[in-house]
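Colleague: I would like to go through this model with you. Could we take the overall picture, then the ligand, then some individual residues?

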Amino acid sequence: MAELQEVQITEEKPLLPGQTPEVAKEAELAARVLLDQGQTHSVETPYGSVTFTVYGTPKPKRPAILTYHDVGLNYKSCFQPLFQFGDMQEIIQNFVRVHVDAPGMEEGAPVFPLGYQYPSLDQLADMIPCILQYLNFSTIIGVGVGAGAYVLSRYALTHPDTVEGLVLINIDPNAKGWMDWAAHKLTGLTSSISEMILGHLFSQEELSGNSELIQKYRNIIAHAPNLDNIELYWNSYNNRRDLNFERGGDITLKCPVMLVVGDQAPHEDAVVECNSKLDPTQTSFLKPGKLTEAFKYFLQGMGYMASSCMTRLSRSRTASLTSAASVDGNRSRSRTLSQSSESGTLPSGPPGHTMEVSC
Ligand code: BEZ
């Protein structure tokens, strides 16, 4: 944290007595390099300690991108492929990222003692204010996958003023019904926890294809030293309450939302149903096939990405997306990405706050 605070004030701070501009610049550069490698912190919360890793330099008046990973993964295995993808560089240059590890999922986490009461997903959401307070961030753009998407949605429902946008990948907002429980119990009789979690992360087609990627994740999960902790997070996920999104009701996400689901992903139906429960006048569909490009549109719609950062294709699409081009630093909450039909053509039609992406 000390490093983070120093960087936050370096730009406006006068030189220390006896400090040359060169030394000050070197110190700033060193701090930036340190931050770019990620700084891991832990804070105590009413539900135990939580670990998170911060990348990038905080930008004044900008929300942090806060990520929450899925079951069976940690922030690195879940988000490294996305955030280190070349096309993401424009985004990461503009935002500090706070990657939360669910308790017991951080690298090197000790196994919880027998009988340890793992937090519910609602309690995991209630830990987030402690992180934001510690880092002194007032608002976030949340990016969550699976269980992490649920946690961030719950957080957004209880703290709507602090969430500027949400990217929800493979969210299932419903509690398990008795049919799901019966199926879950039956699967549990014949499958290991790691296979059940793989069935949550990947489609049956992907699993039976047994590609290198599947083998990699199968190996990571089956041999995880904290597999017992992973099982606790898995149990909390399976015991989640219904988020109770209500079309036209009070329980709804107030911020712009980008819903993402992979074609034939295990959660495709759940995401589609989630979309149907959000306010239809604020709902858009988009199938660009490229998550990073869609993310850029989304941030631009919120007024955070200069159009010069967009690809040529994005720029021409964006011109037809919005009546007023968003310029960095000139935000308007009313400007949003608008909608396309399921055909995959790009948006035309009424503006909305929720966008569904299938990739
Ligand atoms: C990031 O730059 O945000 C990042 C780096 C490594 C792993 C995950 C995220």
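This is a predicted model: local features need pLDDT of at least 70, side-chain atom pairs count only at pLDDT 80 or more; totals for chains, interfaces and linings use all residues.

Colleague: How many helices and strands does the chain have?

Modeller: The chain has 14 helices and 9 strands. These are DSSP runs numbered from the N terminus, with helices being H or I of at least four residues and strands being E of at least two.

Colleague: What share of the residues is buried?

Modeller: Of the 359 residues in the chain, 51% are buried. Buried means under 20% relative accessible area, exposed means over 50%, and partly exposed lies in between, with a 1.4 Å probe and protein chains only.

Colleague: And what about contacts between residues 24 or more positions apart?

Modeller: Such residues account for 73% of the contacts in the chain with a separation of 6 or more. A contact means heavy atoms within 4.5 Å.

Colleague: On to the ligand. Which residues are around it?

Modeller: The residues around the ligand are Tyr55, Tyr75, Gln80, Phe83, Gln84, Arg97 and His99. Each has a heavy atom within 4 Å of the ligand.

Colleague: How much of the ligand does the protein bury?

Modeller: The ligand taken alone exposes 260 Å², and the protein buries 96% of that. The areas come from the Shrake-Rupley method with a 1.4 Å probe; for residues, only the protein chains shown count as cover.

Colleague: Which polar side-chain atoms lie 2.7 Å from an oxygen atom of the ligand?

Modeller: One belongs to arginine 97, and another belongs to histidine 99. A polar contact is a pair of N or O atoms within 3.5 Å; within protein, one must be able to donate a hydrogen and the other to accept it, and residues adjacent in sequence count only if both atoms are side-chain atoms.

Colleague: Which element gives the most to the shell?

Modeller: Helix 3 does, with 3 residues. Helix 3 (75-83) and strand 4 (97-101) each supply at least two residues of the shell.

Colleague: Which residues of helix 3 are buried, and what caps its N-terminal end?

Modeller: The buried residues of helix 3 are Tyr75, Ser77, Cys78, Phe79, Leu82 and Phe83. Asparagine 74 is the cap, with a side-chain oxygen 3.0 Å from the backbone nitrogen of lysine 76.

Colleague: Changing topic: where is aspartate 172?

Modeller: Aspartate 172 sits in the loop between strand 6 (163-169) and helix 7 (178-190). It counts as buried because its relative accessibility is 16%.

Colleague: What does the side chain of aspartate 172 reach?

Modeller: It reaches the backbone nitrogen of asparagine 174 at 3.0 Å. It also makes a polar contact of 3.1 Å with the side chain of arginine 240.

Colleague: What about asparagine 210?

Modeller: Asparagine 210 has a positive phi of about 45 degrees although it is not a glycine. It lies in the loop between helix 9 and helix 10, and counts as partly exposed because its relative accessibility is 31%.

Colleague: Where is arginine 241, and which side chain does it join in a polar contact?

Modeller: Arginine 241 is in the loop between helix 11 and strand 7 (257-261). A polar contact of 2.7 Å joins its side chain to that of aspartate 122.

Colleague: Last one: why does tyrosine 304 count as buried?

Modeller: Tyrosine 304 counts as buried because its relative accessibility is 2%. This residue is in the loop between helix 13 (291-301) and helix 14 (312-321), and its side chain makes a polar contact of 2.6 Å with the side chain of glutamate 164. The C-alpha atoms of tyrosine 304 and phenylalanine 95 are separated by 9.5 Å, although the two residues are 209 residues apart along the chain.

Definitions and conventions: Residues are numbered from 1 along each chain as its sequence is written. Side-chain values use heavy atoms; hydrogens and water are left out.
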